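Subject: Structure for you to look at

Hello,

Here is the structure I said I would pass on. Please open it beside this message and follow along as you read.

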Amino acid sequence: MKVRVDPERCQGHTLCAMRAPDIFELSEIDGHSSVIKEEVSDGQQDEAVEAVRSCPERAIFIS
């Protein structure tokens, strides 16, 4: 599974990093999220899906 964050949509709510801290990191400047590593391991897939569901801006995509 691959994960990505649309930087145009992300508003820095930080919910993704709270749900999946091993997948997402936050900018120290504005709190916007980015993916630590694009490829998510099998053990982290549930966290990635929960992060997608928790994003109010729908800025996270998985494939």
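A48 is found in helix α2. Helices here are DSSP runs of H or I with at least four residues, strands are DSSP runs of E with at least two, and both are numbered from the N terminus. Before going further, note that this is a predicted model, in which local features need pLDDT of at least 70 and side-chain atom pairs count only at pLDDT 80 or more, while totals for chains, interfaces and linings use all residues. Residues are numbered from 1 along each chain as its sequence is written, and side-chain values use heavy atoms, with hydrogens and water left out.

A48 has a relative accessible area of 0%, so it is buried. The cut-offs are these: buried is under 20% relative accessible area, exposed is over 50%, and partly exposed is in between, with a 1.4 Å probe and protein chains only. Leaving aside neighbours within four places in sequence, A48 is in contact with M1, V3, I23, V40 and I62; contact means heavy atoms within 4.5 Å. From A48 to A17 there are 31 residues in sequence, and the distance in space is 9.9 Å, C-alpha to C-alpha.

Which residues of α2 are buried? In this helix, which covers residues 45–54, they are A48, A51 and S54. Seen down the axis of α2, these buried residues fall within an arc of 130 degrees, so they line one face of the helix. The arc is taken from the directions that run from the helix axis to the C-beta atoms. The cover over the buried residues of α2 includes β1 (3–5), α1 (15–19), β2 (24–26) and β4 (60–62). On the face turned away from the buried side, α2 carries the exposed residues D46 and R53.

S33 sits in strand β3, residues 33–35. Its relative accessibility is 11%, so S33 counts as buried. Not counting residues up to four places away in sequence, S33 touches V5, C10, C16, F24, E25 and L26.

**Salt bridges**

A salt bridge here is a side-chain nitrogen of Lys or Arg within 4 Å of a carboxyl oxygen of Asp or Glu. How many salt bridges does this rule give? The count comes to three.

One of them joins K2 to E38, with the closest N and O atoms 3.7 Å apart. K2 lies in the segment before β1 and E38 in the loop between β3 and α2, so this pair ties together parts that are 36 residues apart in sequence. K2 is partly exposed, at 39% relative accessible area, and E38 also counts as partly exposed, at 47%.

Another links E50 and R19, where the closest N and O atoms are 3.5 Å apart. Because E50 lies in helix α2 and R19 in helix α1, the pair ties together parts that are 31 residues apart in sequence. E50 is partly exposed, with a relative accessible area of 33%, and R19 is partly exposed too, with 39%.

The side chains of R9 and D6 also meet in a salt bridge, at 3.9 Å from N to O. R9 is partly exposed at 38%, whereas D6 counts as buried at 17%.

**The cavity**

To look for cavities, a 1 Å grid is laid over the protein atoms alone; a cavity is a set of points where a 1.4 Å probe fits but cannot get out, and lining residues have an atom within 4 Å of a point. Grid points are joined across faces, edges and corners, and a volume is the space filled by probe spheres set on the points.

There is one cavity of 30 Å³ or more. The largest cavity has a volume of about 110 Å³. It is lined by 15 residues, and the closest to its centre are C10, H13, T14, C16 and C55.

**Two residues with positive phi**

Most residues other than glycine have a negative phi. T14 is not a glycine, yet it has a positive phi of about 70 degrees. T14 is placed in the loop between β1 and α1 and is partly exposed, with a relative accessible area of 26%. R58 is not a glycine either, and its phi is positive at about 55 degrees. R58 is found in the loop between α2 and β4 and is partly exposed at 47%.

Regards

Methods
On a 1 Å grid over the protein atoms alone, a cavity is a set of points where a 1.4 Å probe fits but cannot get out, and a pocket is an open set with protein on both sides within 12 Å along at least five of seven lines; lining residues have an atom within 4 Å of a point.
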